[in-house]
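Here is a friendly note to read with the model open beside you. Take the points one at a time and find each place in the structure as you go.

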Amino acid sequence: MKTHRLRQCNTLARSALRVVAAAIPLFAFVSTRADAAPWPPAPPIDAPTGQDSGPMPDSITTQPAGANAWKCSFSYRGKNARGVALVGSFNGWNQTANPMTDRDGDGLWKTTFVLTSASHRYKFLVDGTNWLPDPRNPHRDPDGFGGHNSVLKLGRLAHMTQSSAATGDDRIDPIGLEHAPERSLYSQWLDQNHLLLRFRTFTNDVQSVSVVVRQGQTAPMHVIRKGPLFTHHEARIAIPAQRKSVDYTFVLTDGSLRVSDSKSYVADADSAAMISTPDWAKHAVWYQIMLERFRNGDPANDPQPSRPWTSEWFTPSPWEGQDGQSFYGGYVFSRHYGGDIDGLEQKLPYLKELGINAIYLNPIFKAESHHKYDAINYVHIDDHFGTKGDYAEVAAKEDLLKPATWKWTQTDRRFLQFMKKAHKAGFHVILDGVFNHVGTAHPAFQDVREHGRKSRFADWFDITSWEPFRYNGWAGFGGLPVFKKNPNGLASEAVKQHIFAVTRRWMDPNGDGDPSDGIDGWRLDVPQDIPAPFWVEWCRLVRSINPQAYIVGEIWDQADGWLDGKRFDAVMNYRFADPATAWISHGKRKLTVSELDRRLADLRMAYPQQVTYVLQNLVDSHDTDRLASMIQNPDREYDKMNRPQSDNPSYDNSRPTPAAYRRARLMAFLQMTYVGAPMIYYGDEAGMWGADDPTDRKPMLWSDLEPYDKPDENHVAKDHLAFYTRAIGLRNAHSALRTGSFQTLLADDEADVWAFLRADEREKLIVVINASNSARRVRIPLPADAPQTWKPIFGNTKDVQPSETGLHVFVPATEGLVLAAQRR
């Protein structure tokens with residue numbers, strides 16, 4: 001589901017960073033006598049003191065709280081508010097992390113905590129549903145969904161865009177120095193004995209940086225990224241098996257100045273979170289399916305009424321609109337088409353031929369809607385997906401609080417049969433876990449509504465008033481009552497244990513300790529709405545059931561705080577989709593290729609390598625307009641102005657042009673060659689198109705069901721499907737595209753061409769992408785040790801000429817190439 005209030009948009013103007021590729025040696029540990037070297041190894045640099053926090057809005061006051069840190073007091077005036085919380089980038093937009101209090105009852109709500117120098121985005125959450133920017137702070141950024149986040153620029157760093165430092169002037173500015181070992185950007189355990197470390201300085205402020213291990217090695221650091229404001233340095237160190245814990249610091253030189261960092265740090269292998277992600281997920285090609293719209297395999301289980309599968313989307317059925325509702329005013333959202341488990345199973349060979357090996361299913365638990373985000377019962381699969389009418393009798397004999405009473409319906413068993421066949425065919429399958437809220441037809445909520453405080457489930461939901469009965473719904477929707485939260489997660493132990501029991505049920509259905517009969521993981525809906533401690537405990541449970549289970553969260557922003565080895569393996573990588581579509585699909589607002597390269601480099605640095613390989617690299621989903629329609633409607637912010645019924649009446653919702661489909665194929669090519677696991681939204685490969693919800697959720701196009709109504713618009717685009725099949729086959733055939741290293745070779749803004757190297761011990765591949773409308777001849781610089789002979793293995797070119805200055809390549813317009821190194 002779309003978390004519009006959680007997303008934030010950082011629009012600070014920043015120049016493109018220069019990514020510096022360098023071979024990073026793994027330095028061996030060299031022992032020394034304890035008294036042979038002083039500690040710290042150089043005089044510590046003075047920590048910054050007495051810093052000015054900068055101009056503040058009337059709603060915020062600050063007091064110094066250490067180096068580059070301030071105690072910030074926020075206030076909000078809301079006389080009629082029942083509760084207020086501060087949410088923002090500094091607390092992961094957590095609704096319970098920073099509650100505000102009105103001690104005097106005068107309507108002035110306050111909270112205080114420490115923030116470091118940076119640009120922080122925030123809102124006030126009023127009464128659990130209203131996400132409001134600070135009315136007394138004029139500085140705002142778009143939140144990506146038609147609203148705004150307030151912006152707090154705290155400290156000198158937050159107001160800087162370019163370094164003014166000069167190399168060799170015997171000066172180092174301490175305010176620009178940073179090493180935060182709790183963040184994967186700065187510290188990553190590669191295994192029990194090897195640690196990757198990074199350190200930040202102002203650009204041009206130092207001549208060298210080294211990491212020094214106490215009683216051990218000194219490792220020079222290499223520049224891995226140089227931007228207009230900051231430069232990041234990196235080294236990898238080896239920790240011997242006999243020393244699980246070491247102290248380390250950094251030594252900086254500039255001219256005659258040689259100083260240590262003002263802090264010393266500890267690396268403890270025993271307490272470190274060793275980040276490991278499922279091996280199979282590194283090789284996944286994902287396919288997202290909304291089951292109700294994928295394939296109708298058994299008309300006998302269809303909800304009534306259901307529309308004919310091949311009917312034209314915008315043409316109403318005879319029963320639609322009879323009550324006065326319009327297309328967008330109601331009836332399109334309550335449509336059913338009859339997709340089911342039988343249909344999905346029948347089309348496993350289609351997915352296999354396409355090259356898919358991993359399936360993400362939108363919610364399939366019992367629910368009223370077509371999308372199933374309004375669960376009635378997590379215990380059972382919706383009977384319209386299996387055996388119609390088998391739910392009520394079984395559920396009536398069960399107790400939600402007693403898993404021992406839970407039985408298996410025929411539909412449940414039908415799904416488990418599907419899982420067995422899918423596994424045998426080589427597929428992994430994950431389900432959508434919607435554990436933040438349910439639908440109003442959920443029996444626990446029905447019981448609360450009927451019995452009030454006396455209900456056994458009274459503590460499950462976020463009830464704001466018993467008389468009259470009021471409660472909080474997700475994003476303000478009354479049809480989606482949310483579970484009550486506290487700082488540790490779900491406030492009710494009973495609902496937590498219920499969700500844990502549901503998790504066990506679907507991951508190891510027969511309870512024998514072998515998870516091979518269960519699902520292979522979970523996609524988690526709006527996980528930021530539940531405080532992090534719950535997810536730490538839940539993820540521990542999931543991995544105890546199946547250590548190779550895959551856990552992916554729906555987080556639209558950069559999510560390094562969630563990918564720490566204790567919570568999720570990955571996120572739906574909308575931070576890939578945003579710049580990728582801005583480069584390939586836009587015209588007047590087209591992103592430069594160097595800026596694309598910088599943004600994706602930022603993301604690769606922020607996440608551990610194990611995570612990067614398993615990120616779900618999607619470009620569209622059930623929460624966005626479809627890829628081809630995105631391209632048909634360029635020059636918009638990602639997932640914005642894409643609903644003709646509301647925010648953009650001029651949105652072109654017709655079938656996209658051949659030029660748009662050509663660019664869609666280029667996007668698919670990028671997905672298949674970039675780092676991370678590509679994910680296709682069902683039907684993109686067939687040429688499906690449409691604006692955001694509801695038109696992005698049409699029934700799947702199938703050749704064997706043609707002709708559809710309006711066949712000139714509604715048909716499988718066979719050339720499009722063939723390209724997807726070839727591009728996916730390319731990825732599946734080359735390990736370097738799945739788990740190989742990544743190195744940018746060329747980011748040519750003038751030519752609009754990007755080239756990068758993917759390499760592993762088996763092969764070296766150069767990927768070249770021309771996003772311009774003209775053919776280009778480019779020179780691609782090669783690493784010093786690179787082969788000189790390269791052969792095209794994908795794309796339309798035979799013109800590849802090596803030279804002393806690089807590789808000269810002809811690239812057709814709006815096309816991608818792959819070149820393979822030839823062994824001598």
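1. The strands here are β16 (residues 222–226) and β17 (residues 230–238), which pair in the antiparallel sense over four bridges; two strands pair if DSSP finds at least two bridges between them. A hairpin of three residues joins β16 to β17. Names such as these come from DSSP runs, numbered from the N terminus: helices are H or I runs of at least four residues, and strands are E runs of at least two.

2. A word on the source. This is a predicted model, in which local features need pLDDT of at least 70 and side-chain atom pairs count only at pLDDT 80 or more, while totals for chains, interfaces and linings use all residues. Residues are numbered from 1 along each chain as its sequence is written, and side-chain values use heavy atoms, with hydrogens and water left out.

3. Next, find the open sheet of three strands, in the order β38-β41-β40, with antiparallel pairing. Its edge strands are β38 (776–780) and β40 (800–803), each of which pairs on one side only. On average, and ignoring direction, neighbouring strands of this sheet are turned by 20° against each other. Between β38 and β41 (residues 806–811), which run antiparallel, there are five bridges. I780 has L807 in β41 as its bridge partner.

4. Is H808 buried or exposed, or something in between? At 26% relative accessibility, H808 counts as partly exposed (buried means under 20% relative accessible area, exposed over 50%, and partly exposed in between, with a 1.4 Å probe and protein chains only). Leaving aside neighbours within four places in sequence, H808 is in contact with V778, R779, D799, V800, Q801 and S803, where contact means heavy atoms within 4.5 Å. H808 and I780 are 28 residues apart along the chain, and their C-alpha atoms are separated by 6.3 Å. As background, side chains in a regular strand alternate between the two faces of the sheet.

5. Now to a helix pair. Helix α8 (residues 493–507) and helix α9 (residues 532–545) pack at an angle of about 25°, with their axes 10 Å apart. Axes are lines fitted to C-alpha atoms, for helices over the stretch in contact, and angles run from 0 to 180 degrees between N-to-C directions. α8 and α9 are therefore roughly parallel to each other (angles under 35 degrees count as roughly parallel, over 145 as roughly antiparallel, 65 to 115 as roughly perpendicular and the rest as oblique). On the α8 side the contact is made by K496, I499, F500, T503, R504 and M507, and on the α9 side by F534, E537, W538, L541, V542 and I545. These contact residues divide into eight nonpolar, one polar and three charged. Here Ala, Val, Leu, Ile, Met, Phe, Trp, Tyr, Cys and Pro count as nonpolar, Asp, Glu, Lys and Arg as charged, and the others, Gly among them, as polar.

6. Compare that with a second pair. The axes of helix α10 (residues 574–584) and helix α11 (residues 593–606) come within 10 Å and cross at roughly 175°. That makes α10 roughly antiparallel to α11. R575, F576, P579, A580 and W583 of α10 make the contact with V593, L596, R599, L600 and L603 of α11. By class, the contact residues are eight nonpolar, no polar and two charged.

7. How many residues of α10 are buried? Ten of the eleven are, so α10 is largely enclosed by the rest of the structure. Among the buried residues are Y574, D578 and I584. The buried residues of α10 pack against α11, β33 (616–617), α13, α14, β36 (753–759) and β37 (764–770).

8. Finally, some backbone details to look up. The peptide bond from W39 to P40 is cis, with omega near 0°, and P40 lies in the loop between β2 (26–27) and β3 (60–64). The bond from E706 to P707 is also cis, with omega near 10°; P707 sits in the loop between β34 (677–681) and α15 (718–733).

9. D127 is not a glycine, yet its phi is positive, near 60°. D127 lies in the loop between β8 (118–126) and β9 (130–132) and, at 16% relative accessibility, counts as buried.
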